[in-house]
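Hi everyone, thanks for making time for this.

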Amino acid sequence: MRKPLIGISGNTMRDNSGPYVDLIRSYVNEDYIRSVEEAGGIPIIIPFTEDLNVAKETVSLIDGLLLTGGHDVYPLHYGEEPLQKIGDVFPARDQFDFALLSAAEERNIPVFAICRGCQIMNVHRGGTLYQDVSYDQNCTIKHSQGQTPSLPTHTVTLEPHSKLADIIGTTTWITNSHHHQTVKDVGHDLTVIGRAKDGTVEAITDMNRPWFMAVQFHPEMMHVKDSHAKAVFASFVNAAKEIK
């Protein structure tokens, strides 16, 4: 029996180095690939495309979907105008990720969404975002740590008996943090299962689905040394194996 295929949503970068001028590359960070491989899955990079039918057809070939980090989510996608502290946006990639997520929901395959992926999941379900943590008057913790990517820097408290707490075997996880946007209004059928000490949403799930979860931090960066990160990826890949 083959290992489960895990589709990893791709991004693009502009390369002007060496002899190249304005060359667009498709990529994902190596951390995602390594985390899926070590958990027993086969990582499949899904390259960004504006052909949303192609994106949806790709999802028909995979057993689980991993939504990755990247640009800020385009605020008009959740009914707001851009505020002064928003970063770079990539509206076409939002639509790409929405298409991947819709196709994964139709098939009811496992979905694991990380950082921007968490925000995409929330907006896809009709939720909204704080365009910058400074717009959340309750946010007091530094959420963009600006140093070693894998270093755990703040506490996430999980709801007892939630899927994530059950997976890691505790309600406390010291995580890394590399974001400046956060969930504001929670999307429909989504439940908050993890928060930072200042109340910032750090984990959400759809409890009506077998494995459908998002985290605001980056377990793929912590994966090498963090047993909780390993456990979450193992659970995700095993769920995809069962679907297959």
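A residue counts as buried here when its relative accessible area is under 20%. Keep in mind that this is a predicted model.

With that cut-off, let's start with a pair of rings. Phe90 comes out at 15% relative accessibility, so it is buried. Phe48, at 16%, is buried too. How far apart are the ring centres of Phe48 and Phe90? They are 5.0 Å apart, and because the planes sit at 55°, the pair is called tilted.

Trp173 and Phe217 have ring centres 4.9 Å apart, and with planes at 75° the pair is edge-to-face. This one also joins distant parts of the chain, with Trp173 in strand β9 and Phe217 in the loop between β13 and α6, 44 residues apart. Both Trp173 and Phe217 are buried. The count of aromatic pairs comes to seven, and ring pairs also tie Phe112, Trp211, Phe233 and Phe236 into a cluster.

Now to the nonpolar cores. The largest has 32 residues, and the members touching the most others are Leu65, Leu100, Met121 and Ile204. Which element gives the most to this core? That is α3, with seven residues.

Next, two helices. The axes of α3 and α4 come within 10 Å and cross at roughly 70°, which means that α3 is roughly perpendicular to α4. Among the residues that meet here are Phe98 and Leu101 from α3, and Ile120 and Met121 from α4. By class, this contact has five nonpolar, two polar and five charged residues.

Asn108 is not a glycine, yet has a positive phi of about 60°. You'll find Asn108 in the loop between α3 and β6, partly exposed at 30% relative accessible area. Cys115, also not a glycine, has a positive phi of about 55°. Cys115 lies in the loop between β6 and α4. Is Cys115 buried or exposed? At 7% relative accessibility, Cys115 is buried.

Terms used: Residues numbered from 1 in each chain as written. Predicted model: local features only at pLDDT ≥ 70, side-chain atom pairs only at ≥ 80, totals over all residues. Heavy atoms only, no water. Helix = DSSP H or I, 4+ residues; strand = E, 2+ residues; numbered from the N terminus. Buried < 20%, exposed > 50% of the residue type's maximum accessible area, 1.4 Å probe, protein only. Core = buried A, V, L, I, M, F, W, Y, C linked by side-chain atoms within 4.5 Å. Axes fitted to C-alpha atoms, helices over the stretch in contact; angles between N-to-C directions. Parallel < 35°, antiparallel > 145°, perpendicular 65-115°, else oblique. Contact = heavy atoms within 4.5 Å. Nonpolar A, V, L, I, M, F, W, Y, C, P; charged D, E, K, R; others polar. Phe/Tyr/Trp six-rings, centres within 6.5 Å; stacked < 30°, edge-to-face > 60°.
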